[in-house]
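User: I'm new to this one and would like a friendly walk through it. Can you take my questions one at a time?

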Amino acid sequence: RADFKMEYKQLRVWNLKLSDAGIYTCKYGSHEVHTSLHIFKLTIPLDGHFLQNEVPELILKQNSSSPLPDLSITLFNSNNNRVTPELRSKTRQTYIMNLKKLEAMDSGTWVCQVRSDSPLINHNISFAVKVLGFQNPDLERKYATVDSTVILSWHLNSQKIKWKEGFTGQLNWKQQEGANAHELLDFKVTAQGQLDETKKSSNFLFEIPERKAENIIEVKLPKVHFNHSGQYQCQLEYQGRHAQSKIELVVMKVSANPDGPLSRGANMTLTCQVSGPLPPNAYLRWERVNGTNMDVKNSRQHEVKLEVNISAAGLWSCHLIEDNDRKISLHYHVEEAPVWINYVIIGASVGGSLLVFALGCLCIISGISWQRRMQRTKRMAQARQYLLENKTCQCQQ
């Protein structure tokens, strides 16, 4: 592992080990020159291949012939920003550090800067970091209306960092926390670094878009149902470790009771409902298009259903508002009943009232007649009884 160049008085040593540290002496005639070789070894686990949110452990060791100095260690990430590691344990020979939770944007060349005042040391150690993960937020919320088309996407950075190692993944869906998960598709990376996807569920209505970038996992819901809401989690697996990203799908629907045309003077109840809980900065709003402030109603915090009683026809809209931004809207057109229907309804009401009045009168007359018949029957029975009693008395005489 070494060679010597006589003309330059140079000793070259490669593949250095910690045991190579020490004092090297060059003798030339009566001259002697001593050089102290101080060696550092930085150990990066998994050859620098990590998953998102992992906390790698770095180990820095040093060896020297002289007493080992107390080192000051500073890390710089791929964006040249200072990173302060957590020092787990420290001896003069070994420093064990934990990095922060890694994100996909942390991929690149990092620098470990080692310093000491006595002896004077200022040395940089470069190392490569590849973080396989999602460019999506940790928890993404997506809103949709019933019967609309939704595409859920997870953006991987596998192409950006040229990760061609074998990893697998799957996409699961469950309606709520704690419910059973349903596997929709699984995927893996090929030798060429491309994603190969396989549809797993045949009972769930979704599609895998054909044309897309090679580092995007997508599912398409061509016609969203209210019960398609829930948590869609994309999970990566590499050498027994996992990373995941979740999209929460919230679906909105509207309904009316009664659902027919609105007659003059009548009322109707419009209901707007979302399938899942809303964040504190989101709420529902009913309003009539081109209406007044009296035609606006907002939901309370954490309310997932909003009802409004209306007496005016027209186009009513339910909005889901988050941070003063309308995320989705669903419209309901309330038709006004034709005039002849109003007359029919009025006539039916008047006719019904007259019919009720007539039936009441009939019942009263029938009751009076029945009462009179009962009284007449009672008087006749009393008369017969009286005659029978008089005849009995005459026979005894």
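Analyst: Happy to. One definition to start with: rings of Phe, Tyr and Trp (its six-membered ring) pair if their centres lie within 6.5 Å. Keep in mind that this is a predicted model.

User: With that in hand, which residues do ring pairs link into a cluster?

Analyst: A search of the whole structure turns up 6 aromatic pairs. Ring pairs join some residues into a cluster, and its members are Trp173, Phe204, Phe206 and Tyr232.

User: How do the rings of Trp173 and Tyr232 sit: stacked, tilted or edge-to-face?

Analyst: Their centres are 6.0 Å apart, and their planes make an angle of 35°. Planes under 30 degrees apart count as stacked and those over 60 as edge-to-face, with the rest called tilted. At 35°, then, the pair of Trp173 and Tyr232 is tilted.

User: How many residues apart in sequence are the parts that this pair ties together?

Analyst: Trp173 belongs to strand E16 (residues 168–174). Tyr232 belongs to strand E20 (residues 230–238). The pair therefore ties together parts whose separation in sequence is 59 residues.

User: And what kind of pair do Phe204 and Tyr232 make?

Analyst: Here the ring centres are 6.4 Å apart and the planes stand at 65°. Phe204 is in the loop between strand E18 (195–199) and strand E19 (216–221), while Tyr232 is in strand E20, so this pair ties together parts 28 residues apart in sequence. Edge-to-face needs planes over 60 degrees apart, so with 65° the pair of Phe204 and Tyr232 is edge-to-face.

User: Is Phe204 buried or exposed?

Analyst: Buried means under 20% relative accessible area. Phe204 has 10% relative accessibility, so Phe204 counts as buried.

User: What is the relative accessible area of Tyr232?

Analyst: Trp173 and Tyr232 are both buried. For Tyr232, the relative accessible area is 0%.

User: Which residue has its charged end over the ring of Phe206?

Analyst: Phe206 is part of the ring cluster. A charged end sits over its ring, 4.5 Å from the centre, and that end belongs to Lys199. In another such contact, the face of Phe226 has Lys253 over it, 4.3 Å from the ring centre. For Phe206, though, the residue you want is Lys199.

User: In which sense do E12 and E13 pair?

Analyst: A hairpin connects E12 to E13 through 4 residues. Among the bridge partners, Val114 goes with His123 in E13, and Trp110 goes with Phe127 in E13. Strand E12 (residues 108–116) and strand E13 (residues 121–132) share 9 bridges, and their sense is antiparallel.

User: Last one: which element gives the most to the lining of the largest pocket?

Analyst: The largest pocket has a volume of about 310 Å³. Strand E2 (10–13), strand E3 (22–28) and strand E4 (31–37) are the elements that give two or more residues to its lining. The lining residues split into 8 nonpolar, 3 polar and 1 charged. The top contributor, with 4 residues, is E4.

Notes. Residues numbered from 1 in each chain as written. Predicted model: local features only at pLDDT ≥ 70, side-chain atom pairs only at ≥ 80, totals over all residues. Heavy atoms only, no water. Pairing = 2+ DSSP bridges. 1 Å grid on protein atoms, 1.4 Å probe; cavity = no way out; pocket = protein on both sides within 12 Å on 5 of 7 lines; lining within 4 Å. Points joined across faces, edges and corners; volume = space filled by probe spheres on them. Nonpolar A, V, L, I, M, F, W, Y, C, P; charged D, E, K, R; others polar. Buried < 20%, exposed > 50% of the residue type's maximum accessible area, 1.4 Å probe, protein only. Lys NZ or Arg CZ within 6 Å of the ring centre and 35° of its normal.
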